[in-house]
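Dear colleague,

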Amino acid sequence: MSPSDQVFVGAIDQGTSSSRFLIFDVKGQIVASHQVEYQNFYAKAGWVEKDPNEILESVETAVVGACRRFNSLGFEASQIKTVGITNQRETTVAFDIETGEPLTNAIIWNDVRTKELVRKLIDEAGSASRFASINGLPITTYFSAVKMRWMLENVPAVKAARERGTLRFGTIDTWLIYKLTGTYVTDVTNASRTMLMDIKTFKWSQECLDFFGVRESELPEVRSSAEVYGTINEGRLQGVPISGCLGDQQAAMVGQSCFEAGEAKNTYGTGCFMLFNTGDQPIFSKNGLLTTVGYQLGPNAVPKYALEGSIAVAGSAIQWLRDMVGLVSSASEMGSLSDSVEDNGGVYFVTAFSGLFAPYWRDDARGCIVGLTQYATRGHIARATLESVCYQTRAILDAMRKDSGTDLRRLRVDGGMTNSDQAMQIQADILDIEVVRPEMRETTALGAALAAGLGAGVWESEDELRRIAQSNVSAFWSRITDEKRDEMLQGWEKAVERSFNWA
């Protein structure tokens, strides 16, 4: 096949700290990519926000950069047959449908400005889990509905737009699809993170809308994760359809081919997120996990559900040590520094910068480093940072076992921290199960590309996606004794207790 006859699929990967555009061939291999990093804005303690137009601009710049590289390899943009989107979830945008402009900065998923509002809402609801049987989620600062409610109560421009009838809310996927194509939609995975969608009917729940004070007319149409939403209206990809959309963790689930009930993946990014496929029926957690939509690969496809455990701080702890503390000069230095010591030396780092997510759900927790002695070195702190993510992953895995009644034997992993053999060995030691890392690490973007290719007819079936997603893997197994593991876990639990009741 000549270069001009080849077909490609693009993927927009819009994350918490960067936007990327990747171009995949039909075998699922990356041909070209470009990344644009940016900084979020921290107006007050606990606030995390970003101008939605700057997010859009970063995406457009990433598209231009990747297409230039693509052209330099002898290909044309016209060979990109479709584009998928994967995005940071829960991050919320309010905009005016007449002007198309944002009404305030986007509130990022890990923002905790709504803490007092959440306590008020829990009091009104009677419990944090009041609506969990409808939306699968507890009332917390994490999800979009409380961010919308906060905007309605605190942003004059949002109040004025409601009065005019021009107010529209959306998660980042909605914002990007609207600005790129003019279509006002979201997919089932992102909608399931708002606290406003009934996860059994895939419709906006009137009961949830009434409670949070959001109007259905202010929300996008809910679609499947693999269908044509619209065509890009300008730029390098003008005329190319967007036909795939998945929240970032669900995209990684597809990219890791976790298509069967009982399969699980963990993504180590800014935060850390484990999803466990529960099949075509939702399991409502009794152990602090979230019930969410895993994916629906086509408007007529059977939707799949997942249990999810979320860790607020993972890679961002490494960034904090690098940028704010100066402990390391680069993220890659963490692995070698932590490898310089045999163990954590009794040091534990609870990275609760904005509280603890699943299965603890403590917004009063704050970060703490405990167990310090004069023996402790930079290496011990570096290792304790990596271990923190691994301990929280163990807590989530234990909760999944209880909810599902299934012992997970293998965890598929992806994301930035998986580049460290040291981090993955620590994870295997703490979990005491096989940890499997794919050779192709860009599973989140791959998942978006696979959904888009399926939605546009580039690929025909889920089986074909599975063959594309599978690749060579590295496997890690525990190297420590049960006694050592128990000792480490007990130390972690004591450290977690000390992080409570600070805020």
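Which residue in β21 is the bridge partner of N266? The partner is V413, and the pairing belongs to a set of 4 bridges by which strand β15 (residues 264-268) is joined to β21, the two running parallel. Please bear in mind that this is a predicted model, in which local features need pLDDT of at least 70 and side-chain atom pairs count only at pLDDT 80 or more, while totals for chains, interfaces and linings use all residues. Residues are numbered from 1 along each chain as its sequence is written, and side-chain values use heavy atoms, with hydrogens and water left out.

Strands (E, at least two residues) and helices (H or I, at least four) are DSSP runs numbered from the N terminus, and two strands pair if DSSP finds at least two bridges between them. Strand β22 (residues 434-438) is likewise parallel to β21, through 3 bridges, and L411 has V435 in β22 as its bridge partner. Between β21 and β22 the chain passes through helix α13 (residues 421-431) in a right-handed β-α-β crossover, that is, clockwise from the first strand over the helix to the second with the strands pointing away from the viewer. Because 5 of the 6 residues of β21 (residues 410-415) are buried, this strand is largely enclosed by the rest of the structure; buried means under 20% relative accessible area, exposed over 50% and partly exposed in between, with a 1.4 Å probe and protein chains only.

With kind regards
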